Amino acid sequence: MSFARVAVNIPTLSGVFDYAVPAEMSTKVIPGCLVTVPFNQQTVQGVVTALPLQPAVQNPRPISTLLDPLPVLTPQQLSLAFHLAEATLSPLATLINLMLPPGLAQQSDILYTLFAQKTDQLELSATQTRIVAMLAERGPLRGRQLERHFSRVDWRKSAEALVKRGLLGKVSILPTPTVHGKFIRTAQLAVTPETARSVMDSLGKTEATLKRRGAALEFLISEPDAVNVSWVYAASGCTLADLQELAERELIILRETEIWRDPLEKVKSNEKKIEEITLTRAQEAALAKILSTFNTQHSTPFLLHGITGSGKTEIYLRAAEQTLKNNRQVLILVPEIALTPQTVRRFMSRFPGRVGILHSKLSDGERYDTWRRARSGQLSVLIGARSALFTPFQNIGLIVLDECHDNSYYQSDPPFYHAISATEAYVRICGATCLMGSATPTVEQRYRAEHGQMNLLKLPERVGLSIENQTTDFELPPVQVVDMRAELQAGNREIFSRALSESLAETFSRGEQAILFLNRRGTATYVFCRACGHTLKCPHCDTPLTYHVESPTGASTSRPSTALSLRSGLYCHRCGYSRQMPKSCPQCKSPHIRAFGLGSEKVESEVTRLFPAAVPLRWDWETTRQKDAHDIILTHFANGKANVLVGTQMLAKGLDLPNVTLVGIVLAEVGLNLPDPFAAERVFQTLTQVAGRAGRSHKGGKVILQTFQPESKIIQRAAGHDFSGFYADELANRRQLGYPPFERLVRLERRERDAARAEAEAQKLATQLKGWIESEGRVQTEMIGPVPSPFPKIADIYRWQIILRGPDPASLLKGKTLAGWRIEVEPVSLL
């Protein structure tokens, strides 16, 4: 008898369990296979991680079913999952789930059924009454269905009480995978054209039938291959019954054919051919160093530090080309979905038919088919956001991390992991090359490069194609800092400074484009009573509500329709709570209540008011919630159908827009004063990246940076494109305060619906941590807290946190039981 070690899909469990392999599966079950197994009183999914010679327990229970004849994880992916589980202190099952396409992995659930039909005379709580009413109306429901309905209510205790009273029944179930291959019915001629035409007069009893079936045969005669029956219907007017009759007479073949759901099927590229682009000396030197490691077991990552517009993408393309020549596969990771359309077009032009895309805005079917094509070797290059790292390529040779400084590479929900560190581990496992690129690498990345933990490559000059398509150098755009305090003193009460208004007018008059960046969305950032000082806050999060104005009707038809409409009113950007704008202050009843602050909607409306002929586009969270919205907006703007792009953080994501000659940063200091040690770095990176969107062609460009804090050293460094100065300042500050790269951090967070319980649990763990630190002699490990989180209440949930700081604080927690705590190793934010 053979045995299998299985990681069961129960997120709260960290271990693996041994099972017997039935004789009929003995040659089919290998590491990486997806199976179902019995676990306690339920059936669960799991992934085979190993085939031990002897089980760890006596008489192990047998595997129930093998769900896929092919492994769903490669051996390298299994190794990565084990590494991440240890490094991030996360359950193994949750990390394995990250590597499977949505809909394939399923967790066991509870099916609730209503037994008692009459409950009017029973004493039930409000929650129990709602549960009974739902089950009476909709029939049996799964626990996850009830969870969606009771998103802010602890309904499970109420349901269990009903089960104990005999009013509800419950049974454990394992839903089947919700994703499958897509099949279409096709038709194809089965005889020669001559034979088909010879029988056309005998295909039916009526003239209409003869006409339909004859037309269907004529169409299939003209098509050498099998075609979708819907095409036959459209061309001939026939029906499925007609085609079935023709198949019965053996004139045609009807079959079910699987088709791939390819999100790139309709994407076209007009990228210039590779022979038209000549590398600069700096690019050639960087590429040579990268390629020199391809035939070695090199595992030290490359950090390509190139200023904005220095030609980093061309290095990626050349490195990918050589990787494919070596018969290995390439992963290209970008921090945001917004960057994937632009990146995909460039790679598709170089490697037609070999490129796939993977990100969260695709349908489950598209993601499933892309995953299967990658697993079967039909794709050689895959481009995507963070989750694309877990593509089941069999022979990865190169992983590129574009804009490697971006926090979007960090998963901020359990299981917590950073795609940067995960990639570094993965290339060591695969014997591949890791290439990171950024104009503003993090302080830690640059520090590691300077201390030999990364290979530092520099691209210090901008490059581009001149009018004659020759490579030429372009300067970084000059940045003009405008003190908005001086504007107020001069009587200017507008959002835009005089310098920015004049520059916008000049840009529009030349037929060029502008970008207006504001790191906030909405119309106003808070609503304030001028009589009593009351600020309207979300009742569930205790954070200020944001005012939104409904999009005006009759908008220009040149604007793409991508935004999901928001009614005018107040919205919480954390939990989704909304309400109408009050006519008077809820606190003192004063009518002097109004919206203050700036948002992207307000900036857009001001552009329209001040420049009636301007055609603005807004690119923020609200306008990009629909599928393909990023691509629609970017294509619209790149094709010149709008001349000003108003947006938030997405504009700082490495976009290449040659006709943009002006960037206006409406309020530069947003985020600078947050209670987070990484806030200064984020602001510097954002300002530098946004400024780099201007002047990326022979037309040149400039940046207008508006601020109420022009004396800030961060803003001064960003205005001077001075990364080295910022790096030196920030490194000295972190050395003094004891933050990475000099110390490492672990953040522990407790979330409870009861404020007192949250605090009590935090104090309890703090006592335990102090004991562990003392008993293990960890004099270099420091505990900060427990304290309420900077945002202490979100969606009616109270948050307390503890920070551990030291050379290796995560090792203190290994093997410890910390139920109910969210643990972040090396967090990118302490907010």
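Analyst: Buried means under 20% relative accessible area, exposed means over 50%, and partly exposed lies in between, with a 1.4 Å probe and protein chains only. This is a predicted model, in which local features need pLDDT of at least 70, side-chain atom pairs count only at pLDDT 80 or more, and totals for chains, interfaces and linings use all residues. Residues are numbered from 1 along each chain as its sequence is written, and side-chain values use heavy atoms, with hydrogens and water left out.

The strand is E33, residues 702-707. Helices (H or I, at least four residues) and strands (E, at least two) are DSSP runs, numbered from the N terminus. Five of the six residues of E33 are buried, leaving the strand mostly covered.

Two strands pair if DSSP finds at least two bridges between them. E33 pairs in the parallel sense with E23 (residues 479-483) over five bridges, and valine 481 has leucine 705 in E33 as its bridge partner.

E32, helix H20 (residues 679-691) and E33 form a right-handed β-α-β unit. Right-handed means that, with the strands pointing away from the viewer, the path from the first strand over the helix to the second runs clockwise.

As for the cysteines, a disulfide is a pair of cysteine sulfur atoms within 2.5 Å, and the whole structure has zero of them. Cysteine 434 is buried at 2% relative accessible area.
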